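This report sets out the architecture of one protein model. Please examine the sequence and the structure shown here before reading on.

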Amino acid sequence: MRLAGLPLKNKVLLAGPPGNGKTSLAGAIAKYFSLPFFVVKSSELIDCSLGGSGKNIANLFEAVRERECVLFMDELDSIGSCRVGSSEGADRERNSILTSILTNVDNVSDACIVIGATNMPDSLDPALMRRFSLKIWMDNPSEEDILTYVQRYQIDRNINFWLSDADISSLHGHPWSRVEEFCFERHRSLILDDNLS
């Protein structure tokens, strides 16, 4: 890509309902490339003192700017929401925080992979959205996805627990984390039943 003069897609936005593996995917990317993995809850960068949040953001990016690493910024909407036109002090500070994020994301080197995560992508400022060259929507699983996952769980562990259409339907609309917990619950019940028989 560099030889062709094309920008690298090293800024990724993961969006979707909670419980669908955004943090896990970011960690898997870091593991795949054998890179250090830094996790930051964006809300923790907010400082009540004037200019403190912008300074925290600048310090964070200064630490990773030239490093080969993966920076995962969870809850990105907490600092990257749409700008407001009000001249109120709190609104000016919020706009200043967003400006700091935009500037620092722009200046990060190709060596650093920046991954942002949000449950509320519609609340992000359009300018921040444009910074992410790759956007991945991580939705709740379909009934077919759920059935495939539960079947694969049983095959991988050489077990067989009772599964009905009602079970699959009851899981539909829930995140992957709930499907995983369902399998754990059934697996535990199977072990306890074997121990009691």
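The buried residues of α1 pack against β1, β2, β3 and β4; buried denotes under 20% relative accessible area, exposed over 50%, and partly exposed the range in between, with a 1.4 Å probe and protein chains only. Those buried residues are K22, A26 and A30. Viewed down the axis of α1, they fall within an arc of 80° and therefore line one face of the helix, the arc being that of the directions from the helix axis to the C-beta atoms. On the face turned away from the buried side, α1 carries the exposed residues S24, K31 and Y32. S34, which follows α1, has a positive phi, near 55°.

## Basis of the model

The model is predicted: local features need pLDDT of at least 70, side-chain atom pairs count only at pLDDT 80 or more, and totals for chains, interfaces and linings use all residues. Residues are numbered from 1 along each chain as its sequence is written, and side-chain values use heavy atoms, with hydrogens and water left out.

Helices (H or I, at least four residues) and strands (E, at least two) are DSSP runs, numbered from the N terminus.

## The sheet

Five strands make up an open sheet with parallel pairing, in the order β2-β3-β4-β1-β5. Two strands count as paired if DSSP finds at least two bridges between them.

Within this arrangement, strand β3 (residues 69–74) pairs with strand β4 (residues 112–118) in the parallel sense over five bridges. F72 lies opposite I115 in β4.

## Helices on the sheet

Helix α1 (residues 22–32) lies across β1 (11–15), β2, β3 and β4, and runs at about 170° to β3. Helix α2 (residues 52–64) also packs on the sheet, where it touches β2, β3 and β4, and its direction makes about 155° with that of β3. Axes are lines fitted to C-alpha atoms, for helices over the stretch in contact, and angles run from 0 to 180 degrees between N-to-C directions. Contact means heavy atoms within 4.5 Å.

## Nonpolar cores

The largest nonpolar core has 24 residues, and those with the most contacts inside it are F61, L71, M73, L76, I79, I101 and L128. Such a core is a set of buried Ala, Val, Leu, Ile, Met, Phe, Trp, Tyr and Cys residues joined through side-chain atoms within 4.5 Å. Two or more residues of this core come from each of α2, β3, α4 (89–107), β4 and α5 (126–131). The largest share, five residues, is that of α4.

With its neighbours within four places in sequence left aside, F61 is in contact with L71, M73, I101, N104, V105 and V114. A second, separate core has 11 residues, among them V12, L14, L35 and V70.

## Salt bridges

There are seven salt bridges, each defined as a side-chain nitrogen of Lys or Arg within 4 Å of a carboxyl oxygen of Asp or Glu. One joins the side chains of R65 and E62 (3.5 Å, N to O). R65 is buried, with a relative accessible area of 15%, whereas E62 is exposed at 55%.

R152 forms a salt bridge with D156, and their closest N and O atoms are 3.4 Å apart. Because R152 and D156 are four residues apart in helix α6 (residues 143–157), about one helical turn separates them. R152 is partly exposed, with a relative accessible area of 47%, and D156 counts as exposed at 52% relative accessibility. The side chains of R178 and E185 also meet in a salt bridge (3.6 Å, N to O); R178 is partly exposed at 29% relative accessibility, and E185 is partly exposed at 34%.

## The surroundings of H187

H187 is located in helix α8 (residues 176–196) and is buried, with a relative accessible area of 18%. Not counting residues up to four places away in sequence, H187 touches Y153, R157, I159 and F161. H187 and N160 are 27 residues apart in sequence, and their C-alpha atoms are 8.7 Å apart in space.
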